[in-house]
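Here are some friendly notes for a colleague meeting this structure for the first time. Please keep the sequence and the model open as you read.

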Amino acid sequence: MAGVDAERIGVCSWSYQRPLREVADEMAKIGVKGIDLALTPFVAPDGRHGVEEGEEALAFAKAQFASGAWRLFATMISFPQEDYSTLDTIRKTGGVVPDDCWPRNREIAAAAAELSGTLGAPYMLFHAGFLDESNPAAYAAYVERVSFVRDACARAGVQLILESGQETAEDLARFLRDVPGLYVNFDPANMILYGKGRPMEALETLVPWIRKIHVKDADATAVPGTWGTERPWGEGQVGGAAFIDALNGLGFTGNMTIEREGGDDRVGDIARAAARLREGRAAAL
């Protein structure tokens with residue numbers, strides 16, 4: 001595995017679970033400038049993606065971008081009703097799926113798209129929720145709602161990219177053909193966590209739509225129907241070095257953002273992931 005150029009490495013702001021000024025301090029310590037910025041703390045605080053932030057924090061983020069201290073890889077939104085307790089709860093509550101939540105979520109998505117444009121983000125990413133192609137009415141509503149978010153982003157000069165993993169690569173590719181103008185933030189760990197296939201095989205299916213990567217690792221569950229286990233980068237079943245080599249072999253040159261949503265040493269795990277990417281190491285020494 002060749003080392004990844006430092007300019008292509010970023011972190012997810014929400015992984016730190018800290019205010020943005022503290023996120024900035026941690027990023028500076030490990031020499032990372034790229035960031036996927038959670039907008040949820042600004043438009044619809046949910047407690048999962050960072051503490052609630054106000055105008056001062058937003059002004060700080062804008063100053064970071066203006067000075068070159070940060071490079072904005074993407075923004076990210078989620079919705080207040082989402083419940084990740086089990087695979088079943090997130091299937092019912094994730095993304096644009098719940099009918100009763102859509103009026104409020106429509107407002108959140110529109111506000112986030114506008115803010116993404118103001119910040120100069122190239123992409124806004126989110127989990128759209130579970131595809132249900134077996135129910136024509138539900139599928140039609142899903143297409144309409146995701147299309148609304150896509151169009152709100154387009155008006156703001158931003159591309160909408162979907163998080164992978166809640167469906168198989170084949171199902172997602174079929175949906176992307178049905179709804180042009182959408183792209184993918186490929187998260188290999190999500191394929192494993194949700195039990196939706198092998199990341200290496202999914203890459204080849206989805207590569208025409210992949211615009212960026214979440215660097216995250218996981219082990220599959222031993223109990224079907226339950227979550228897999230997130231692991232530090234290079235220590236799970238994604239493949240680490242082999243995964244990066246596969247991306248290189250497919251000609252991928254986009255940005256790679258470290259995401260860590262588990263464990264009891266997120267700061268350390270993120271720092272180690274950045275070092276492994278830069279140095280071309282598969283795992284800790």
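The points below cover the ground rules, a strand and its neighbours, a helix, the cysteines and one methionine.

1. Ground rules. This is a predicted model, in which local features need pLDDT of at least 70, side-chain atom pairs count only at pLDDT 80 or more, and totals for chains, interfaces and linings use all residues. Residues are numbered from 1 along each chain as its sequence is written, and side-chain values use heavy atoms, with hydrogens and water left out.

2. Strands pair if DSSP finds at least two bridges between them. β1 runs parallel to β10 (residues 256-258), joined by three bridges, and Ile9 sits opposite Met256 there. Three bridges also link β1 to β2 (residues 34-38), again in parallel, with Asp36 of β2 as the bridge partner of Cys12. Between β1 and β2 the chain passes through helix α1 (residues 20-30) in a right-handed β-α-β crossover (with the strands pointing away from the viewer, the path from the first strand over the helix to the second runs clockwise).

3. Helix α5. How far apart are the end C-alpha atoms of α5? They are 25 Å apart, which agrees with the 26 Å that its 18 residues (102-119) should span at 1.5 Å a residue (1.5 Å times one less than the number of residues). Its buried residues, including Trp102, Ile108 and Leu119, pack against β2, α2 (40-43), α3 (55-67), β3, β4 (123-126) and α6 (136-155), contact meaning heavy atoms within 4.5 Å. Gly120 follows α5 with a positive phi near 80°.

4. Cysteines. With a disulfide defined as a pair of cysteine sulfur atoms within 2.5 Å, the count is zero. For Cys12, the nearest cysteine sulfur belongs to Cys153, 17 Å away. Cys101 is in no disulfide either, with the sulfur of Cys153 nearest at 20 Å. Cys12 is buried at 0% relative accessible area, and Cys101 counts as buried at 18%.

5. Met76. This residue belongs to strand β3 (residues 71-76) and is buried, because its relative accessible area is 5%.

How values were computed: Helices (H or I, at least four residues) and strands (E, at least two) are DSSP runs, numbered from the N terminus. Buried means under 20% relative accessible area, exposed over 50%, partly exposed in between (1.4 Å probe, protein chains only).
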